[in-house]
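Here are some friendly notes to read alongside the model. Please keep the structure open and find each spot as you go.

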Amino acid sequence: MTPRRKRLVLFGSVLLGVALAAGIATLAFRDNLQYFYNPSEVAAGKVPVGKRFRVGGMVPNGSVHRETGSLTVNFEVTDFENTVKISYSGVLPDLFREGQGIIAHGKLDNQGVFVADEVLAKHDEKYMPPEVRDSLKKTHTPGTEVAAVGASKS
Amino acid sequence: MTPELGHFALALALALALAQTFFGLMGGWKRRSRWMDAAHSAVVGQAVFVAAAFAMLSRAFMTNDFSVAYVANNSNSALPALFKFSALWGAHEGSLLLWIFILSLWSVAVSLFSKSLPETFRARVVGILGLVSVGFLSFTLGTSNPFLRLIPAAADGADLNPLLQDVALAVHPPMLYTGYVGTAVAFAFACAAMFEGRLDATWARWTRPWTTVAWLFLTVGIALGSWWAYYELGWGGWWFWDPVENASFMPWLMSTALIHSLAVTEKRGLFKSWTLLLSIFAFSLSLLGTFLVRSGVLVSVHSFASDPARGIFILGLLTFFIIGSLLLFAWRAPLLKSSAGFGLFSREAFLLLNNVLLVVSAALILLGTLWPLFMDAFSLGKISVGPPYFNAIFLVPGVPLVVAIGVGMHSTWKHSRLAPKPVVFGVLAAVAAVLALGFMVWLSHYTLLAAVGFMAGVFVIGASLYEPWQRWRGGHSLPAAVLGMTIAHIGVGMFTIGVTGVESSKIERDIALGVGDTTEVAGYVFKLESLKPVQGPNYNATEGEVTVRHDGDLVATLHPQKRSYWVRTNPMTEAGIAVGPGRDLFAALGEDLGGGRWSVRVQYKPLIRYIWLGALVMALGGLLATADRRYRRRRPEEVAVASNSAHAEG
């Protein structure tokens, strides 16, 4: 193969690679971006019905309810202005508890209950999801309540 | 006193790193032998002082010196000894010290084992490694000193995060860092070559074993992390596309591309600029990984603290190394011309395809990882990019890549000619199809994707075995490099089969179980037999006994635990896993639901072991390849590149 043809092949394969990349990225991106909303945005109806998104906030004390022996649990998340009711059926993460910041993935149903298929509470007792932290900061400073979550850390 | 001695040793190490940089780079430029010798002495000196600092911090951990803030935050007197030691790299400051320690070991190795290289080249390599070390030492001393005192001292420590109290996790960071830091060696070789204006087959031959060793550590490190996430995070996934996982995977993809592109540069003198760029990218992505993990920009299991000063410092380092090396590249790369041609189906073309596919998937993963940051930075909303995106962008370049390996291994350099006859590939493809069908019948899972995955995996393994078989039949010897390549590619095949098996046919179920209740998954009947309290060295736990029966026969008894550690009181899940050659059976305890019932997650994971086994086999292949004799010739004389025959070494 001549150097000229080689360059052509090289150029062609790079172009092909870039085109492939752009193609896959656009396709895969379209459906897999998940937006985060805080409870106030959900209450204001800013969220799409029937589409997956993430919602996060603090789980208020006394909001977690479970029928004895059932896998389904109902709780709320709040940004101290509004709350969203969440329903989840499955094993909750170890660090899920009242007073903790969490993020849930799922959809809103017709009754305005957020049906979660995944609940995240990260792996450190001091952890506060940054989205939750920011949205809490914006509305209210829950100071003591957040501090109380940190178990035994000096 | 020991913490202060450690601090002092680190400061001395910084001074020596500065000397190493200056004498290495200037000595290489001015061709002053004594300066260059001084650089190599500085390498050893720096390593001694870094090792001393490391030993001082270890001592503080082992002796429960809770007057050191870092120890007080990450250890406890009740912690088992092994974890006291591994707690050293359980958080930010110590893991940086580990990074530096490993870099100093790599530097000593390069300085000692590359005596056959030209003096100026070797000095420049060491100088650039010194520069990297200066960056990280000043970062540690300036923002993340592990030796800071806590006054008054804590009565007892706050304990190591229970998630990290695990053997695999004790080993995972050192392995991964050895790989990360190893990309710095390839980077230093590339920069030194650009300074020298010398980039020929010999250069590629010097670089190859170092790159391969870095790559194999990276492979093992990532596999260990994945294995740990599987059994310790408690939920049975093996890869989450977590930003930090991506941060380690991108340098891996780049180093894999680099290994292959170096083969072309060594054998045929082609792809020179490309190889240089890949060296720069691999190191940049390692730095970016460190930045993403340590700065707290992205939050995950691994981010320890979000101190803005640290983030800005690492960002500065990142910019310096990336911009600096790219400028150097722009300045020197035009000197490197390669003009040999190659055929459309030659080995060069296949390796080019390999590179394009690997780099494309790395670029798309980078896009998905950084996109949420851009969106947030420009206030366009808070988004996350879900795993389906990553699955898609990994699958699309990944499947052709695996198939191309099988064919490309048998192509010849320069000419479009395959060594075996086409009928061989036909037979292989037929065998692959039959075995793939076998897998699918066994798993009762029939989809196109599974068929393609199993076929590709089997095809690669078969194609890899073809050449050793031919050589064995013809009575030829098998050089270590060919053997290594063969084994690494078999590893790729095993990995492909494992991923296909798990992702097509895994079953996960969350269920509420009381003692005596059963649930059935893929023909396996899980029964919760009992729940009882148990006590460990530093935790209390509830332990379940779960029996698993298949057709009435007892196949496994699992003991999942829900632990509560004494110091950090958060609950921890220890899964019960029965390992088998065909499948894993998995049970994890969720929580007490009241009424005597617990939430339990049970899983059936076919072929999952082959994911990690495949990775280990890949690493083994890399290890064998570095043992090839041609890397150990004292003075590689031949610079000219001869076109190799059919049995060219990869």
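Predicted model: local features only at pLDDT ≥ 70, side-chain atom pairs only at ≥ 80, totals over all residues.

1. Residues are numbered from 1 along each chain, and chains are lettered from A in the order in which they are written.

2. Now look along H15(B): at B:Tyr466 the helix bends by about 25° (the angle between axes fitted to the seven residues ending there and the seven starting there). A proline, B:Pro468, follows within four residues. Just after H15(B), B:Gly475 has a positive phi of about 75°.

3. How do H5 (92-113) and H7 (167-196) of chain B pack? Their axes, lines fitted to C-alpha atoms over the stretch in contact, are 9 Å apart, at an angle of about 50° between N-to-C directions on a scale from 0 to 180 degrees. That makes H5(B) oblique to H7(B) (under 35 degrees is roughly parallel, over 145 roughly antiparallel, 65 to 115 roughly perpendicular, the rest oblique).

4. Two loops deserve a look. In chain B, Pro152 lies in the loop between H6 (119-143) and H7, and the peptide bond from B:Ile151 to B:Pro152 is cis, with omega near -5°. In chain A, the loop between strands E4 (72-78) and E5 (83-89) holds A:Phe80, a residue other than glycine whose phi is positive, near 75°.

Notes
Heavy atoms only, no water.
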